[in-house]
Amino acid sequence: VAHSGENHLYSAAGLLSVFNYTAQDSWLLSLPLFHVSGLAIVWRWLFAGGQLVLSPADNLVEQLSQVTHAALVPTQLRCYLNELDVDKNRISLKRILLGGAVIPVALTNKAKSLGIDCWSGYGMTEMASTVTAKLADDSAGVGTLLAYRDLSLIDKQIKVRGRSLGMGYYYQGALRPITDESGWLVTGDLGMIA
């Protein structure tokens, strides 16, 4: 998927309009830069300032003890919580953005009991990362639509468009269209509004 810098900046602006990250915070670069979720961390940092942390530590507990923010998949959060010794390990984490899989409520509730806000999100490469997000609660939902994005549900089929939508699929030296004739990306995902 080919993106412009503007696509990534609108993606960051939309998430950071609800997900508090400021110049006084630090975000762990916990995901690879060849993946849109890792790249989105860099663009959020560029948009808001703060610190971008590349930790030399091998252990996730050590890495997360150095930052206030992280983007993780639920498996990473589960590993962190299982390995964390609350009597020995420092908890500096304030906020975690979760995505990439089903997010168990019990997992986010455990993090909340330690003072860590978890946010559930839904996104995709074509939209330069996160499309919907919410503070995790007792619902397994993935939140509300972020700014600069549009979403359509027809027969549970999710379509998206907006300022963060990529320019096209780059294939053999050329950009191929990413949208249907109406300007929507048909995601192939199913959803519902509850």
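This is a predicted model: local features need pLDDT of at least 70, side-chain atom pairs count only at pLDDT 80 or more; totals for chains, interfaces and linings use all residues.

Me: How are helix 4 and helix 5 oriented to each other?
Reply: Helix 4 covers residues 74-83 and helix 5 covers residues 105-113. Their axes are 10 Å apart and meet at an angle of about 45°. Angles under 35 degrees count as roughly parallel, and 65 to 115 as roughly perpendicular. The two helices are therefore oblique to each other.

Me: What is the handedness of the crossing of helix 4 and helix 5?
Reply: Two packed helices are described by the angle between their axes and the distance between the axes. For helix 4 and helix 5 these are about 45° and 10 Å. The crossing of this pair is left-handed.

Me: How do the residues of the contact of helix 4 with helix 5 divide into nonpolar, polar and charged?
Reply: Helix 4 contributes Pro-74, Leu-77, Arg-78, Leu-81 and Asn-82. On the side of helix 5, they meet Leu-107, Lys-110 and Ala-111. Arg and Lys count as charged, while Pro, Leu and Ala count as nonpolar. The division is five nonpolar, one polar and two charged.

Me: How many aromatic pairs does the structure hold, and which residues do ring pairs link into a cluster?
Reply: The structure holds four aromatic pairs. One of them is Phe-19 with Trp-27, a tilted pair with 5.6 Å centre to centre and 45° between the planes. Both of these residues are buried. The cluster linked by ring pairs consists of Phe-19, Tyr-21, Trp-27 and Trp-119.

Me: Which class of geometry does the pair of Phe-19 and Trp-119 have?
Reply: The ring centres of Phe-19 and Trp-119 are 5.6 Å apart, and the planes are at 80°. Planes over 60 degrees apart count as edge-to-face. The pair of Phe-19 and Trp-119 is therefore edge-to-face.

Me: How far apart in sequence are the parts that the pair of Phe-19 and Trp-119 ties together?
Reply: Phe-19 is in the loop between helix 1 (5-16) and strand 1 (26-28), whereas Trp-119 is in strand 5 (residues 117-124). Phe-19 is buried at a relative accessible area of 0%, and Trp-119 also counts as buried, at 12%. The pair thus joins parts whose separation in sequence is 100 residues.

Me: What is the phi of Ala-128, and what is that of Ser-129?
Reply: Most residues other than glycine have a negative phi. Ala-128, in the loop between strand 5 and strand 6 (129-135), has a positive phi although it is not a glycine. Ser-129, in strand 6, also has a positive phi without being a glycine. The values are about 60° for Ala-128 and about 110° for Ser-129.

Me: Is Ser-120 buried or exposed?
Reply: Ser-120 is in strand 5. Beyond its neighbours within four places in sequence, Ser-120 is in contact with residues including Leu-98, Ile-103, Thr-132 and Val-142. Its relative accessible area is 4%, and buried means under 20%. Ser-120 is therefore buried.

Me: What distance separates the C-alpha atoms of Leu-97 and Asn-109?
Reply: Leu-97 lies in strand 4 (residues 95-98) and is buried, with a relative accessible area of 6%. Its contacts, leaving aside neighbours within four places in sequence, include Phe-19 and Trp-119. Asn-109 is twelve residues away along the chain, and the C-alpha separation is 14 Å.

Key:
Residues are numbered from 1 along each chain as its sequence is written. Side-chain values use heavy atoms; hydrogens and water are left out. Axes are lines fitted to C-alpha atoms, for helices over the stretch in contact, and angles run from 0 to 180 degrees between N-to-C directions. Helices (H or I, at least four residues) and strands (E, at least two) are DSSP runs, numbered from the N terminus. Angles under 35 degrees count as roughly parallel, over 145 as roughly antiparallel, 65 to 115 as roughly perpendicular and the rest as oblique. A crossing is left-handed if the near helix is turned anticlockwise from the far one by less than a right angle, and right-handed if clockwise. Contact means heavy atoms within 4.5 Å. Rings of Phe, Tyr and Trp (its six-membered ring) pair if their centres lie within 6.5 Å; planes under 30 degrees apart count as stacked, over 60 as edge-to-face and the rest as tilted. Buried means under 20% relative accessible area, exposed over 50%, partly exposed in between (1.4 Å probe, protein chains only).
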